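Some notes on this model follow, point by point. Please read them with the structure open.

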Amino acid sequence: MDIKHVDGENKGQVFLYALSTCGWCKKTKAFLSELGVAYSYVDVDLEQGAEREKVLSEVRRWNPSTSFPTTVINDAICVVGFQPDKLKEALGL
């Protein structure tokens with residue numbers, strides 16, 4: 001899995017499942033960067049074969065509809081879609 005990391009303030013483990021071509025995913029990345037929050041992400045559509053299936057299985061665990069973006073915070077909270085208010089609340093901001 002090609003996980004990318006964006007440096008910023010540590011607000012816990014923030015992981016974003018995204019698509020490289022998704023406008024809402026780009027907005028979520030930009031929003032997290034604007035907040036200055038450290039996060040990791042994977043562009044699921046760029047994964048191939050078994051790795052892609054593995055990532056999709058992880059997404060389904062949090063979001064059975066497998067829609068994007070899916071943001072998982074501290075392996076406890078899942079925010080589906082571009083929802084700035086919910087992201088801020090989940091991050092304690």
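1. Two strands count as paired here if DSSP finds at least two bridges between them. The model is predicted. By that criterion, β2 (residues 14–18) and β4 pair in the antiparallel sense, over four bridges. Within this pair, Y17 has T70 of β4 as its bridge partner.

2. Helix α1 (residues 23–35) packs on the sheet. The strands that α1 touches are β1, β2, β3 (39–43) and β4. The direction of α1 makes about 160 degrees with that of β2.

3. What is the order of the strands in the sheet? The sheet is open and has five strands, in the order β1-β3-β2-β4-β5. The pairing is mixed. Strands β1 (4–6) and β5 stand at the edges. Each has a single partner strand, so one side of each is left without a neighbour in the sheet. From one strand to the next, the twist averages 20 degrees.

4. The β4–β5 hairpin has three residues between the strands. In this hairpin, N74 takes a positive phi near 55 degrees.

5. N63 deserves a look. Where is N63 found? The residue is in the loop between α2 (49–62) and β4. Is N63 buried or exposed? N63 is buried, with a relative accessible area of 4%. Leaving aside neighbours within four places in sequence, N63 is in contact with T70 and V80.

6. On the cysteines: how many disulfides does a search of the whole structure find? The search finds zero. A disulfide is a covalent bond between the sulfur atoms of two cysteines. The cut-off used is 2.5 Å between the sulfur atoms. For C78, the closest cysteine sulfur is in C25, at 13 Å, which is too far for a bond.

7. Accessibility of the cysteines can be stated for two positions. C78 is partly exposed, with a relative accessible area of 27%. C22 counts as buried, at 13% relative accessibility. The cut-off for buried is under 20% relative accessible area.

Note on methods:
Residues numbered from 1 in each chain as written. Predicted model: local features only at pLDDT ≥ 70, side-chain atom pairs only at ≥ 80, totals over all residues. Heavy atoms only, no water. Buried < 20%, exposed > 50% of the residue type's maximum accessible area, 1.4 Å probe, protein only. Helix = DSSP H or I, 4+ residues; strand = E, 2+ residues; numbered from the N terminus. Contact = heavy atoms within 4.5 Å. Axes fitted to C-alpha atoms, helices over the stretch in contact; angles between N-to-C directions.
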